[in-house]
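The sequence and structure come before the description.

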Amino acid sequence: AHPAPPIHRAALVQRYEFAWDLAASPEALWPFVSNTEKMNRATGLAPVRFEIEAMGTSPKLTGNQRVAGMAMRWREHPYEWIEGSRHVVLRVFDKGVLRWYVAEVQLERLAGGGTRLRNSIRLEPRGLLARVLSRWEIGVKYRRRLDRVYRRLDRMLAAGPQRRPEIDPIDPEVAI
């Protein structure tokens, strides 16, 4: 079972729910939207540096990143992963403006064809600055970036086999 976030003050938890109805099928979208490192890069997030500490039978994975100029450090919990339809990650921060962060991407097949892609984020900020900053960084900027990436990906995948296979639909600057 995926661990629950360590909620400190429930009244401070922020929720962001974004959804897109796309023409591409869940099978076509999944290999791209499940590649979190590539999606992070395409949405302009700084690269994550991971450290693995192997002690006993359960290794500890720690991530480090700079967001909006601020250092973030967290424990990365194993993904909840349902192949082809959903992935969820929990990050518990020991450094930075957030206490914890849960991100979920879900693909739902639409009756008339295509996919409803849902991207949900829940987080608990540490203070007033973090509450304001996260509303801007996630609620406005990140949503715009996701919209741009998902719509571009959908256009390329919906084009079918005639699209140029050497062009990466998420990151066009990278040759496959």
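In this predicted model, the buried residues of helix H3 pack against E1, H1, H2, E7 and E8. Those buried residues are Ala130, Ser134, Glu137, Ile138, Tyr142, Leu146, Val149, Tyr150, Leu153, Asp154, Met156 and Leu157. An α-helix has 3.6 residues a turn, so residues three or four places apart point the same way.

H3 covers residues 128–158. With 31 residues at 1.5 Å a residue, H3 should span 45 Å, and because its end C-alpha atoms are 43 Å apart, the model agrees with that expectation. The helix has a kink of about 35°, centred on Tyr142. Tyr142 is also listed among the buried residues of H3. Just after the helix, Gly160 takes a positive phi of about 75°.

**Nonpolar cores**

The largest nonpolar core holds 32 residues, and the members that touch the most others are Val33, Tyr101, Ile121 and Tyr150. Two or more residues of this core come from each of strand E1 (14–22), helix H1 (26–33), helix H2 (36–42), strand E4 (70–76), strand E6 (86–95), strand E7 (98–109), strand E8 (115–125) and helix H3 (128–158). H3 gives the largest share, seven residues. Apart from this core lies another, of five residues, including Val13, Val88, Trp100 and Val102.

What does Tyr101 contact, leaving aside its neighbours within four places in sequence? Tyr101 is in contact with Val89, Leu90, Arg91, Phe93, Ile121, Arg122, Leu123 and Ile138.

**The loop between H1 and H2**

Ser34 is found in the loop between H1 and H2. Is Ser34 buried or exposed? Ser34 counts as buried because its relative accessibility is 13%, under the 20% cut-off. Not counting residues up to four places away in sequence, Ser34 touches Trp81 and His87.

**Strand pairing**

Strands E2 (residues 49–53) and E3 run antiparallel, as do E3 and E4, and E4 and E6. The table gives the bridge counts with example residue pairs.

| Strands | Bridges | Example pairs |
|---|---|---|
| E2 and E3 | Five bridges | Glu53 opposite Lys60 |
| E3 and E4 | Six bridges | Gln65 opposite Met72; Arg66 opposite Ala71 |
| E4 and E6 | Four bridges | Arg73 with Lys95 |

Two of these pairings are hairpins, each with a residue of positive phi. The hairpin of E2 and E3 has six residues between the strands, and Gly56 takes a positive phi near 70°. In the hairpin of E3 and E4, which has two residues between the strands, the positive phi belongs to Ala68, near 50°.

**Confidence**

The chain averages a pLDDT of 88, and 92% of the residues score at least 70. Where is confidence highest and where is it lowest? It is highest in E1, at 98, and lowest in strand E3 (residues 60–67), at a mean of 85. E3 is the strand that pairs with E2 and with E4. Where pLDDT is low, the predicted coordinates should not be read in detail.

Conventions: Residues numbered from 1 in each chain as written. Predicted model: local features only at pLDDT ≥ 70, side-chain atom pairs only at ≥ 80, totals over all residues. Heavy atoms only, no water. Core = buried A, V, L, I, M, F, W, Y, C linked by side-chain atoms within 4.5 Å. Buried < 20%, exposed > 50% of the residue type's maximum accessible area, 1.4 Å probe, protein only. Contact = heavy atoms within 4.5 Å. pLDDT = per-residue confidence, 0-100. Pairing = 2+ DSSP bridges. Expected span 1.5 Å × (residues − 1). Bend = angle between axes of the 7 residues up to and from the residue.
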